Amino acid sequence: MTKNLVIVESPAKAKTIEGFLGKDYTVKSSFGHVMDLNKTKISVDIENDFEPDYEISPDKKKVVAELKKLAKAADMVWLASDEDREGEAISWHLYTALKLSDDKTKRIVFHEITKSAITNAIENPRMIDRNLVSAQQARRVLDRLVGYELSPLLWRKVKPGLSAGRVQSVAVRLIVEREKEIEDFKSSSDFRIRGEFTVDGDSKTFYADYPIRFKTKEETREFLEKQIAAEFSVANVETKPGKKSPAPPFTTSTLQQEASRKLGFSVANTMRVAQRLYESGKITYMRTDSVNLSKTALAMAKEEIISNFGKEYSKPRNFSTKSKGAQEAHEAIRPTYFNNDTVDGASDEQRLYSLIWKRTIASQMSEAQLEKTTISIESTKAQDYFSATGEVIKFDGFLKVYIESTDDEDTEDEDVLPATKKGDALSLIEMRGRERFTKHLPRYTEASLVKKLEELGIGRPSTFAPTISTIQKREYVIKESRPPIQKKIDLITLKNGKVDSTTLMENMNSEKAKLFPTDVGTVVNEFLVQNFNDVLEYDFTAGVEKEFDDIAEGKKEWNQMIKEFYGPFHNKIETTQEQTGKFSGERLLGKDPETGKNVFVKIGRYGPLAQIGDTESEEKPKFAGLRKEQSLQTITLKEALKLFDFPRELGNYEDKEVTVAIGRFGPYVKHDGKFISIKKEDDPASISLERAIELIEAKRLVEKNKLIKSFNDGEIQVLNGRYGPYLSIKKQNYKIPKDVVPENLTLEECIKISEDPKNMPKKKFTRKKK
């Protein structure tokens with residue numbers, strides 16, 4: 001008989017904790033939430049204080065049955081899910097699903113998985129915090145109501161199959177508005193003067209900038225020509241001591257940002273790897289907005305720093321949390337043991353752990369001591385001084401371990417300047433007047449979007465990663481890299497007493513792993529902003545987060561908060577349903593020169609399309625899908641008309657016609673009733689018959705390798721898929737049981753497998769129309 005049953009939410013966490021507890025404890029995993037709202041209905045009683053109708057998730061019934069059996073036999077059940085609101089809700093659902101009683105249930109929390117932390121938690125149990133549960137429940141119910149009412153409205157007004165979420169829609173709005181700012185941006189240029197000098201008698205060169213910028217090439221040339229006869233000298237040398245202080249230890253947000261900049265991790269990947277590190281006892285809890293470190297952590301960090309770097313490098317300090325509505329766990333993300341600067345495990349775990357270790361150690365180290373120098377340079381042929389700035393590190397301090405990255409794409413390292421004094425004569429090596437163009441604001445990366453959401457007080461540590469993943473899965477936003485645009489710039493150079501001009505090509509606006517709104521995302525955002533602007537207001541969304549915090553602290557009733565929101569929101573849904581028409585983001589490009597008909601682009605049932613002719617006209621309009629790289633916002637009339645050149649006839653192959661066209665999912669070749677996607681490097685406007693045949697044969701080879709066997713002229717097929725062998729009957733897929741050898745299947749066995757409910761495809765539920 002089990003004396004003590006400890007339930008956590010993940011098998012990895014269970015395995016680690018089991019190693020710290022004796023034989024009197026059995027540790028089991030719930031594999032996350034065991035209860036949730038039903039996915040096929042609203043599951044919220046709007047008439048009865050918005051009570052949610054939670055049920056045991058179908059895939060967790062087996063888990064619950066096993067845990068219920070173990071709990072019944074145990075003297076005490078210890079609920080040990082994570083210490084944030086989501087973890088508290090998991091414990092509450094376990095308490096409910098397992099039908100536990102207060103007298104044999106205890107709730108324990110810890111922010112690191114170490115023997116001392118687990119022992120301390122066992123010695124200091126508490127009851128389930130209903131305020132934290134209510135805060136999580138409020139978020140779940142509010143998001144269900146918004147999604148359940150807003151999504152069907154989008155299906156009817158914009159495009160079938162769309163969905164909307166409260167925080168996700170605000171994140172999309174940020175990205176769409178940034179894109180609009182970029183589209184509206186008008187770049188301008190000026191010429192910046194930089195001279196390369198040496199102190200007479202010294203071969204070391206350094207650079208100095210002139211403070212005045214010139215608008216034209218002619219002004220720039222005139223200035224440089226004057227400098228041919230100029231003499232240069234040091235007008236002033238100013239030296240000031242300076243210092244750099246370390247950044248605080250990581251919060252969830254700053255870890256996501258820095259892992260993106262330094263390691264190239266996506267936000268979701270950062271959280272997956274951090275979860276593994278936490279569950280294996282290597283770092284503290286990874287969902288937190290606190291920068292605080294415990295006394296134990298401070299002492300461990302001090303010992304490690306003095307041992308490795310010396311006493312002068314140690315400077316213990318505690319940081320205060322500045323983010324809006326800071327809550328969740330009570331300590332920053334840090335290593336559990338500071339004497340481990342590396343860990344075993346997968347490469348991504350090692351890299352992320354190293355980042356966390358360095359950042360935490362650096363936060364407890366001395367400031368870097370610098371000497372900042374500014375040299376002012378006088379020209380006898382210029383009104384203003386040239387200026388050179390540089391710095392020297394006198395004591396590296398925390399820089400010995402860690403340098404924080406930034407999102408600034410135009411940072412320049414400062415030079416180390418030569419020793420010089422007022423009056424020293426200088427020699428000009430070269431002077432350049434280089435044309436520079438102003439740049440638009442950068443598009444968001446996942447990291448900078450997290451930073452912006454946190455600044456606005458939107459979302460919490462547990463919601464950043466799911467929000468960013470969801471808007472990409474829904475294809476409202478895409479993350480991709482785009483090549484730079486080449487732009488001509490003028491360069492005017494003074495060297496050896498002669499001024500020359502040349503034209504260079506400069507790469508501008510290179511985009512690496514940036515977030516771009518899709519046409520659907522842009523149109524959905526436009527519809528929501530027009531009709532639900534208050535719900536998408538940044539301050540409103542941040543205010544909702546603050547109300548969740550108030551509920552967690554017991555200052556507000558959760559269903560009262562929902563009631564205050566739902567009434568006006570539901571009325572707005574009904575008003576929009578009745579008073580607004582179809583919304584497609586339609587844009588008139590001009591007229592078709594052949595027919596004189598209007599040419600539009602808009603969102604159709606299957607995505608962005610071009611249309612020749614008015615919808616209301618007697619003659620049916622012509623339609624053509626946009627190519628993946630084209631956008632409703634930027635496509636031209638000429639580009640739209642080219643889409644109607646398809647389908648193109650390429651010729652015949654095997655006595656069957658070969659055509660190329662552009663469909664819902666991009667360009668494709670069609671032959672003998674089959675569709676073959678065109679590669680990115682192929683242009684559908686110029687692809688040849690020979691290249692199309694290559695693609696047809698390549699597809700056949702793939703299908704040949706995929707097919708294991710078939711019956712009834714291919715109507716029933718046994719195939720190799722991404723996740724293993726499966727059965728396809730009339731284009732319906734069925735699982736093949738693990739104990740069945742696919743190569744040995746007979747026709748009768750295939751039919752039997754398809755009739756077994758266990759192997760049937762999962763049903764897709766849609767809301768019934770009223």
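Colleague: Why does E349 count as buried?

Modeller: The model is a predicted one. In it, E349 has 10% relative accessibility, and buried means under 20%, so E349 counts as buried. The residue belongs to helix α11, residues 347-363.

Colleague: Which residues does E349 touch, leaving out those up to four places away in sequence?

Modeller: E349 touches V273, R276, L277, K282, V343 and D344. A contact requires heavy atoms within 4.5 Å. Across the protein, 48% of the 770 residues count as buried.

Colleague: What makes F197 and F386 an aromatic pair, and why is it called edge-to-face?

Modeller: The ring centres of F197 and F386 are 5.9 Å apart, and the limit for a pair is 6.5 Å. The planes stand at 70 degrees; over 60 counts as edge-to-face, so that label applies.

Colleague: Why is the pair said to tie together separate parts of the sequence?

Modeller: F197 lies in strand β9 (residues 189-199) and F386 in strand β13 (residues 386-395), so the pair joins parts 189 residues apart in sequence. F197 and F386 are both buried. They also belong to one aromatic cluster, together with F206, Y210, F214, F223 and F232.

Colleague: What makes the pair of F565 and F569 stacked?

Modeller: For F565 and F569 the angle between the planes is 25 degrees, and planes under 30 degrees apart count as stacked. Their centres are 5.1 Å apart, again to be set against the limit of 6.5 Å. Both residues lie in helix α16 (residues 558-579), four residues apart, about one turn of the helix. Both F565 and F569 are buried. By this rule the count of aromatic pairs comes to 19.

Colleague: How do you know which residues line the second largest cavity?

Modeller: A lining residue has an atom within 4 Å of a point of the cavity. The residues that line the second largest cavity are S163, A164, G165, Q168, S169, V172, R474, Y476, G521, V524, N525 and L528. Two elements give two or more residues to this lining: α6 (166-184) and α14 (519-536). The largest share, four residues, comes from α14.

Colleague: What classes make up the lining of the second largest cavity?

Modeller: The lining has five nonpolar, six polar and one charged residues.

Key:
Residues numbered from 1 in each chain as written. Predicted model: local features only at pLDDT ≥ 70, side-chain atom pairs only at ≥ 80, totals over all residues. Heavy atoms only, no water. 1 Å grid on protein atoms, 1.4 Å probe; cavity = no way out; pocket = protein on both sides within 12 Å on 5 of 7 lines; lining within 4 Å. Nonpolar A, V, L, I, M, F, W, Y, C, P; charged D, E, K, R; others polar. Buried < 20%, exposed > 50% of the residue type's maximum accessible area, 1.4 Å probe, protein only. Phe/Tyr/Trp six-rings, centres within 6.5 Å; stacked < 30°, edge-to-face > 60°.
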